[in-house]
Amino acid sequence: MGISRNEALECFRSDDLIGIGMEADAIRRRLHPEGVVSYAIDGRVTYTKSATGAGFDLLCNQISNIVAMGGHGVMLQGEVTPALTISWFDGLFRSIKKRFPAIWLHSLSAGEILSIAEQTGATVEDTIARLQDAGLDSVPGDDAGILDDAVQQGTRTKWPTADWLAVHRAAHKLGMQTTATMTFGCGETMEHRINHLEAVRGLQGETRGFASFTPWAFAPKAPSMQGFEEATAVEYLKTLAISRMYLDNIENVQSNLETQGLKVLQVGLRFGGNDVGSVMLAEGANAATEEQLRQVIRDAGFKPVQRDTVFRTMFLN
């Protein structure tokens, strides 16, 4: 059992960052005594502007580029519009799997699946089952925001917390693994963060379907956004460590390259992180080569090992 709500709140209020990190690191060592830090080579493709059959070829060409660069998985994400029906997604997934039978489709967030189900008039479980039959392998959890309906922020879709959880519960029931995230620093309280962690921990205790958890610091899209200041590295590391301590029933917790960059990521490996996400998803100032990422992991005292999307396979390289 992970730490309690009161213990988590005390950690958020504490100035003892080193002590919190040491406690989280102890849990990481217990769960991952082999001293390995994993990473993936997966790519992201946006489908929103490909609302025709001809669009399949354009998307497959992008996937071909990902495969050529060593990618094992693809995250297809975008905005579900009336033109993008469940039949369209069915055809897209089947086209991708026909051309790339080995590619892992870690695609469509909970909000996207809910939109497809609403548009179709089908249940969430039936919607996921059809998409799974067409080739969907797992569901990313990166639209979770803060799983507390009292929090008003722009990091999650219109769907309430119960609906987000229902999508992941249905996917787990169908034997599909998913991932979970938390986007913090968007105006929520510490109690809201703990409510989020509790919601994820509760569903994991029920289904054991989450492969990993990733806390992300909210980055305002516009400098003029009022009331939002990006979380400091200290706040990020504290939240990462508390996540590791609270979610001891989820095997993998990410210190994420895409949102944090190499320097903070490396420190995060001593604050509970045993994975660093995908090298191909990091862009701009946080972009890094695979070898740079592997070197940072080595310098932190760990062995870098490439994994597949949902941690089923570790590749020797």
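## Gly273 and its surroundings

Gly273 touches Arg28, Leu240, Val253, Ser255 and Gly268, leaving aside residues up to four places away in sequence; contact means heavy atoms within 4.5 Å. Gly273 sits in the loop between α10 (257-268) and β8 (275-278). Helices (H or I, at least four residues) and strands (E, at least two) are DSSP runs, numbered from the N terminus.

Gly273 is buried, at a relative accessible area of 0%. Buried means under 20% relative accessible area, exposed over 50%, and partly exposed in between (1.4 Å probe, protein chains only). From C-alpha to C-alpha, Gly273 and Ser255 are 4.9 Å apart in space and 18 residues apart in sequence.

## Basis of the values

This is a predicted model, in which local features need pLDDT of at least 70 and side-chain atom pairs count only at pLDDT 80 or more, while totals for chains, interfaces and linings use all residues. Residues are numbered from 1 along each chain as its sequence is written, and side-chain values use heavy atoms, with hydrogens and water left out.

## Helix α1

Ala8, Leu9, Cys11 and Phe12 are the buried residues in α1 (residues 5-13). They lie on the same side of α1 because they cover an arc of only 160° around the axis, taken from the directions from the helix axis to the C-beta atoms. Exposed Asn6, Glu10 and Arg13 are on the face of α1 turned away from its buried side.

The cover over the buried residues of α1 includes α2 (17-31), α8 (190-207) and α9 (233-246).
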